[in-house]
Number of protein chains: 2
Amino acid sequence: MTDNHTDPMSRLLKLANKVNCFYLSGFHAGECRAFVVDGQQVGLVRPDVMKELLNHPQVFQVHPEYVQLNPAFRDYAERSARVEEVLRKWKADEKFITLHGWREEYYEVRAQFNTQPLFKMDRSATCKFSTLILLLICTGLFGIRKYGVDINGYVMDPIKGLSIWLQKRSPNKQTWPGYWDNMVSGGLSVGFGINETAIKEAGEEASIPNNLIEKLKNVGCVSLFFESERGLFPNTEFVFDLELPPDFVPSNSDGEVETFELLPVNECLERIASTNFKTTSVPVVLDFLIRHGYITAENEPNFIQIMELLHVPLQTMYNHPLKRCKITANGEATEALGKV
Amino acid sequence: MTDNHTDPMSRLLKLANKVNCFYLSGFHAGECRAFVVDGQQVGLVRPDVMKELLNHPQVFQVHPEYVQLNPAFRDYAERSARVEEVLRKWKADEKFITLHGWREEYYEVRAQFNTQPLFKMDRSATCKFSTLILLLICTGLFGIRKYGVDINGYVMDPIKGLSIWLQKRSPNKQTWPGYWDNMVSGGLSVGFGINETAIKEAGEEASIPNNLIEKLKNVGCVSLFFESERGLFPNTEFVFDLELPPDFVPSNSDGEVETFELLPVNECLERIASTNFKTTSVPVVLDFLIRHGYITAENEPNFIQIMELLHVPLQTMYNHPLKRCKITANGEATEALGKV
């Protein structure tokens, strides 16, 4: 312990800090404001985005402590149309890099993972780009919490010891192309459960057969708060362990993976610390190595700090302003919010 | 999920909230101040304690944002003597219930788990009650972080399924007498490592033989922030799993345990939710049941909240004021602290 007094930040702590760069600096700087929709905080807005929102006072109301989607919008359709208008203008003006990746995907925005979606889904042809689609594209811009699944595929190799399968993402992926990543991972999509998503992704990404996926085990979740040029990433990943037989080799079915590689623990640590590993996937590997006894408080001087950074308090960070608001029975909170 | 919208707080979340009553309310109320010794935050002082500290301005300096042990004290011996004076007076005046348990035990006070102790140990006969002893008694009063070990002793019972050994604490224990607790637990004492302490306690508390303790596995840590009439408890527990054969029965060697009982998972959940389970030991059991796939995001509506409450950000809570202080080379920080 003496040695670490002079150099208290280990390589793994530096890595955990990098994953949580926003939690450790941006958030505490206090420059971001809660993004409130329908009386509930769904996101966090950075000063650069806030500056743009000020140009659209009919859509976004910028208050001293929070930013609110105009509560006068009567319903989902109106909200969608008005937000879409702003985002299309931003895209045309090339305001934010994250808007380059405009995709048609659906995403349910909720205040909490276990509460009702704040916006109803609408897949009708007349609403090609719903608010949900736009907010998915812009989750980074609005600091909206995202949820995903990750599977640690591992092997008790008789020679190499505990070894972990990693995937190299396809160079065609929109985010983190060509980076190393966990064996299987994916975002939670509308209409799919957590376990269901994990099983689906295991089939699509790594061709895990039915008899092997039966051993899939829920082992918790990790939460992180990363920031990049694409925005804010307050992510929670539901984690699964899957022990695989030494002779099984994953193969990709959906074109999203370039290759897979099986790495013994020590090499895996080198890989996640390298610059070509997807930063936001690091916590899943660290959590695995801690739960399996490879990273401990006796071999890692910053163990407690790292454990904390695998479970940053997003719940508290995204709940706090709400505790000071009174929400009326029909969910509208404009009056009370004004008094914050 | 729909059902949980109307009643979002599950029984397990209520339990996790109870464990972290200070994290969830007291801390955010902002009434406590950092307790700074030698330029580093080592604790947190509640208003009731602060009020008493104001009567001893030569020992404790109460600033608007923190409380500081007088930095003019030259060394360990002087600090010890001056703090002891105050505490003896409080004990004589019966100021705080926690002082009833005045014991001669040593405890190293550090700013962080992996940094050098802030106070040197002194076991000399002339210093019978060191500051360390007093601070151990008063860790609750000064909100000093404490560290311990916990072992989940479990059995893959061929009939009952996964089952967990719990201990009933001796009615003679000073804290939580007669309460149910994890199979093995103990505080970290001066001069003992984490794994060493776990093995020692496993022998003393549950008579685990050498051939079984070999399977002891590091699996992480949990952090909680509890408050009771005895004070504040910002505790971090290093967690171990130990699979035991179905025919092994733990027995106590040191008189600290009344009995042991093996409970299947469902009964164990009932037990930890009962009023006779040691509140601060609940997180270790919840963490075990999550890591082993028994509590999941699909069967527990407040899963993410609970995960956060098993890992409350003590590191951030106890580090924050320091980031705004400049510590001089010799560790004194009074000047810079004054500018906070």
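1. In this predicted model, Arg11(A), Leu12(A) and Leu15(A) of helix 2 of chain A are in contact with Leu269(A), Glu270(A), Ile272(A) and Ala273(A) of helix 10 of chain A. By class, the residues of this contact comprise five nonpolar, no polar and two charged.

2. As to the geometry of the pair, helix 2 of chain A spans residues 11-19 and helix 10 of chain A spans residues 265-273; the two pack at an angle of about 45°, and their axes are 10 Å apart. Helix 2 of chain A is therefore oblique to helix 10 of chain A. The crossing of helix 2 of chain A with helix 10 of chain A is left-handed.

3. Helix 7 of chain A, residues 139-142, contains Phe142(A). The relative accessible area of Phe142(A) is 0%, so this residue is buried. Between the C-alpha atoms of Phe142(A) and Gln68(A) there is a separation of 11 Å, while the two residues are 74 residues apart along the chain.

4. Turning to the cysteines, zero disulfides are found over all chains when the whole structure is searched. For Cys221(B), the closest cysteine sulfur is that of Cys221(A), at 15 Å, which is too far for a bond. A disulfide would require the two sulfur atoms to be within 2.5 Å.

5. Burial was also computed for two cysteines of chain B. Cys221(B) has a relative accessible area of 3% and is therefore buried. Cys268(B) is likewise buried, with a value of 0%. The cut-off applied for a buried residue is under 20% relative accessible area.

Terms used
Residues numbered from 1 in each chain as written. Chains lettered and ligands numbered in written order. Predicted model: local features only at pLDDT ≥ 70, side-chain atom pairs only at ≥ 80, totals over all residues. Heavy atoms only, no water. Axes fitted to C-alpha atoms, helices over the stretch in contact; angles between N-to-C directions. Helix = DSSP H or I, 4+ residues; strand = E, 2+ residues; numbered from the N terminus. Parallel < 35°, antiparallel > 145°, perpendicular 65-115°, else oblique. Left-handed = near helix turned anticlockwise from the far one by under 90°. Contact = heavy atoms within 4.5 Å. Nonpolar A, V, L, I, M, F, W, Y, C, P; charged D, E, K, R; others polar. Buried < 20%, exposed > 50% of the residue type's maximum accessible area, 1.4 Å probe, protein only.
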